[in-house]
Structure formats: C-alpha cells, structure tokens
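Please open the structure in your viewer and keep the selection panel at hand.

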Amino acid sequence: MELISPGEFAKEKVQSVQDYVLLAVRSVANLFRSPRYFGDAVQQADIIGVGSLPIVLAACFFTGAALALNTAKSLGRFGALTLIGQLVSIGIVTELGPVLAALVVAGRNASGMASELGSMIVTEQIDAMRALGTDPVKKLVTPRVISTVLMMFFLTILGDFLGLLGGNVIATVVLGLDSRQYWSSAWQALEFSDVFTGLTKPLVFGFIISTIGCYYGLSTKGGTQGVGRSTTEAVMWAMILIIAVDVFVTRVLMVILGS
Amino acid sequence: MSAPPTLIEPSAAEATQPAREAIVFEEVAIAFEDKKVLNGITFRLPYGESKIILGVAGSGKSTLLKLAIGLLRPDSGRILTLGEDVTSMKEEELFDLRRRVGIVFQESALFDSLRVRENVAFRLYEEGGTRESEIEDRVREVLRFVELEHTLEMFPVELSGGMRRRVAIARAIITKPEVLLYDSPTGGLDPVTSTTIIELIIKQRDVYKTSALLVTHRLQDAFVMATHYFDQRTNKMELLPPGERGEVPLSFLILRDGKVLFDGDTQQLAHSQDQYIREYIS
C-alpha cells in the first residue's frame, strides 16, 4: 500500500465527506426535478424490500425470542415475569427492530448497490449513461434512496411484529405465560413516543444505507479489486453510521418528544 | 480532394450548422496524479470529416474522446463541440449537448441488465416523446444497419465481442448524431470482425456524412478507411480506384508524449519525412 502524508490523508478524507454530502443532497434534490424514474424505484423496492424480507423477519423473530429468554431470567428474580411483554415490546420497537433490520439490509443491499454501481463504473457503463445524456445520480441513485427509505419503514414494522412474536413463543411455550396477557402487556407498554422513535429511525437508516452504498459504488477506482474494496467499505461504513446515528437520533427524538 | 463515387448530398443537420468545425481543441492539457497525459493539444475536425487518432497505448487517445463530450474536464485549454464550449458548461448543460453526439466505447459499455432492444433504444426512452411503435421501428432500422436485427431480445452477455461493438454502434447512431466518437472499435477483435466494424464506420461516414473521431492503434483500420468507400448500390464496402485512394473525407492525428506529432490528411501522412511517423506507419 502506498504511504501518504497525514496532510494528504486528511485532505482525502475531507474530500470524501464532501463528495458524499453532495451526492446525498443531489439524490434528494432530484426528487423535485424531472425526469423521475418511477419504474426503476419500483424495481429497486422489489429487490430491497421483498428480497430482504425473509432475512429481516428471521433476524427479528429470533432476537425477540432471545430477548424474552434473557429478560425472563432477571424478571423471574423479582416475580415480575408477566412484565416480559412490556420489556420485549419496548426493546424491539424502539431499538432492536429498526437497528437489526437496518444492519441486515445494510449487509445485503449496501453491498449490492456498491458492487452493481462499481461494476458499472469499471465497465464504463456510467460513462456511457452520461454520454447518452442521462444523469446517473437521477437514474440510479435517487430511485435506490426512495426505495430503501420506504422499504426500511415497512420492513421494520414487519420485523417488530416478528420480534414480538418470537417473544410470545418463548413466553407461552417455555415460560408458560398466557398469550393474551403477553400481547396485552406488550401493547399497553408502548407510548406514542416509542412508536414514533421506532418508525423514524428506519427512514434515517434507509437513507444512510442507500447513499453510502451508492457513494462507494460510484467512487470505485481500479478494476474488479476496486469493486470488492468498495463493497466492503460500503457495508462497513453503513453499519458504523447506523449504530452511531442511532444514538444521536434517539437523543434528539427524546428531546423533541420530551420523553 | 475529389469525392468517392457514391457520396450523397450532405445531411440536413450538417447543412444547417453555423460552425465550420464539429470539434475544436485549443491548447488542451490534462494530467492524472501529476502525470501529464495530454499537453497542449490543438486540432480541428471539420463537419463531414473523419479523423483517425493514432498513438501508442497510454498516449491519451481515449482521454481525448472523453474530453470532447465533457466526461473529463481539462486542466487548461478550450474544447468546442458542435460550437459549444464544453469546458465552461455545467454537467446538466452537457446532457443536452451529449444527446447530439454518439460514442462507441472501447469495451462497448452496453448496459448488461438491459436487452439489446432496450440498450439501443435507451436514448429514445430517456428523451421521451417518441411512440413505442416508432421506437420499435427505429431500433429495428439501426440493428438492420449493423446486421443484428435477430439479437433484439438478447442480453449483452449472450453476444460475442464483435456483436457487442455493433450493438454499441447501433445505440450510438439511433438518434442520428452530428458527431460520432469511436474508441478502439476494433480492439481485441479478429480480423474478419474488425473489417465488418470498419465497413459499418465507412458506411456511416459515406452514407450519412457524420463527422467522426476514431481512436485506434490498428494501422490496418486506418488503411482500409483511407482506401475504401461504401457503395450504396451494392451495399458493400469497395476499394477506391487507384488514382482516388486517400481521396475520402479522412484525416489523421498522431499523438506522442501527450502532444500532437502529426495532423493532416492521407497524402501528407504518406509523404511525411518524420522518422517516428515513418517507423509507425511502415
């Protein structure tokens, strides 16, 4: 690997952040400019949403079950096992559902976007698109951003439900609790702020996943090795940002909602 | 310079052009990571003329084509394409200009997720306003021009290298561009397929009078283009009579060390006394 001076390294990183921000802004600004690629957005929604559904549902279901098992141990000590529904529902809806779904979609789709767009870069398909008079950001990035944001929202709702269902299976089958009592306590524990927080996060995470995936794809350099590098970095940075931004969003929403 | 036997009247697009040159480079320079690839490049491509760009690998031939339509920005100098200064235009403004220029990339650059039909019609779909039946007719027409009408429903991955280049040519000419840019259209192809591609380029030059920049490192291509014309009656490329060889709207640009070593027509090239050029063309 070529060694560069700390100054050059810092300059490169600042340039990368600037390029990423510009791409993210353009991807949103394109929503208000024609042409709009509705068909491409629907196609991407199918790839991102339907394609990620089984793995998101499985991850959330088993996490909900594991959460129920772990909390049951602590609750049992205080004779408060009936509160298990509340703990699982708040944990899943506000935190684990959105973050898990986002991490799974990042692993699957940020890599997919980076490798697809990266391959298009190295085979000059992006240049060809520009040469044919089409803006690649409008045609390729904006539909992916819209689809990922929308699909993350719906995937998280379904993931939350499966997480609660996983908790329910443990509560009834392993702990011998009443199913109706579980669902009733899970439902009653949720406040507006919990649901609002849980459904705002996936929108932010969807934006991060798609813009990071597209940014690394479009900034691919070199041949197939470059595509591999972009794919890995896209997944890594998408996951880091999701986890870091989660803390920030949680705090901001707490302040806004006064919870 | 006398015209070859079958040349037809200039196209309407060409006749109405106010500028005399399709492409003008003035003192253009570009460097990649401190390495100067092009340094002070100046040349003109008149309307209706084809210019063959020759040079060793890495001499900046492909870079020059990308500069012509603003896919790359020069560090200095000025580039006028179809009368518009691409060096001062924003990316959004360049999209309109690029719709008037066709380009065939070195590796074809077909969209691998789209069928041949959609690849060829890409520009028409993007521009909008064309009826589906008309798009179908025009796609079939250009695919017939490159003799690949049967590949309509195929994906690029199902085509051979030569077929992909021909589809790329069809995609470039579907909107009847005023200038065509060919980036090594015969690179890596067998001699028979290369000749088929060059025949298509000559057909485009002689039938539609499209201005073109053609990058190649195959002297054979340049030789064929200088000595042949397209006969519309036989629908074949024919050898020019001995006295008229080189008498086609064709010129040459040879690049060396990022600079223009030679810019002139076939006769000037043939009679050049420059040692490097003599070795290059021998």
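**Conventions.** This is a predicted model, in which local features need pLDDT of at least 70 and side-chain atom pairs count only at pLDDT 80 or more, while totals for chains, interfaces and linings use all residues. Residues are numbered from 1 along each chain as its sequence is written, and chains are lettered from A and ligands numbered from 1 in the order in which they are written.

**Confidence.** The model has an ipTM of 0.84 and a pTM of 0.86. Helices (H or I, at least four residues) and strands (E, at least two) are DSSP runs, numbered from the N terminus. Select residues 1–15 of chain B next: the pLDDT there is below 50, and the stretch has 26 contacts in the model beyond near neighbours in sequence. Two residues are in contact if their C-beta atoms, placed from the backbone, lie within 7 Å.

Select helix α1 (residues 6–29) and helix α5 (residues 136–174) of chain A, which pack at an angle of about 85° with their axes 9 Å apart. α1(A) is therefore roughly perpendicular to α5(A) (65 to 115 degrees; under 35 counts as roughly parallel, over 145 as roughly antiparallel and the rest as oblique). Show side chains for A:Leu23, A:Arg26 and A:Ser27 of α1(A), and for A:Val137, A:Val141, A:Thr142 and A:Val145 of α5(A), which make the contact.

Move to helix α3 (residues 84–122) and helix α7 (residues 192–218) of chain A, packed at about 15° with axes 7 Å apart. These values make α3(A) and α7(A) roughly parallel to each other.

**The sheet.** In chain B, select the open sheet of four strands, ordered β2-β1-β4-β5 with antiparallel pairing. Two strands pair if DSSP finds at least two bridges between them. Its edge strands are β2 (35–46) and β5 (84–85) of chain B, each pairing on one side only. Strand β4 (residues 76–81) of chain B is joined to β5(B) by two bridges. Which residue of β5(B) stands opposite B:Leu80? That residue is B:Asp85.

**Between the chains.** Finally, select the contact, which takes 12 residues from chain A and 14 residues from chain B.

Technical notes
Axes fitted to C-alpha atoms, helices over the stretch in contact; angles between N-to-C directions. pLDDT = per-residue confidence, 0-100.
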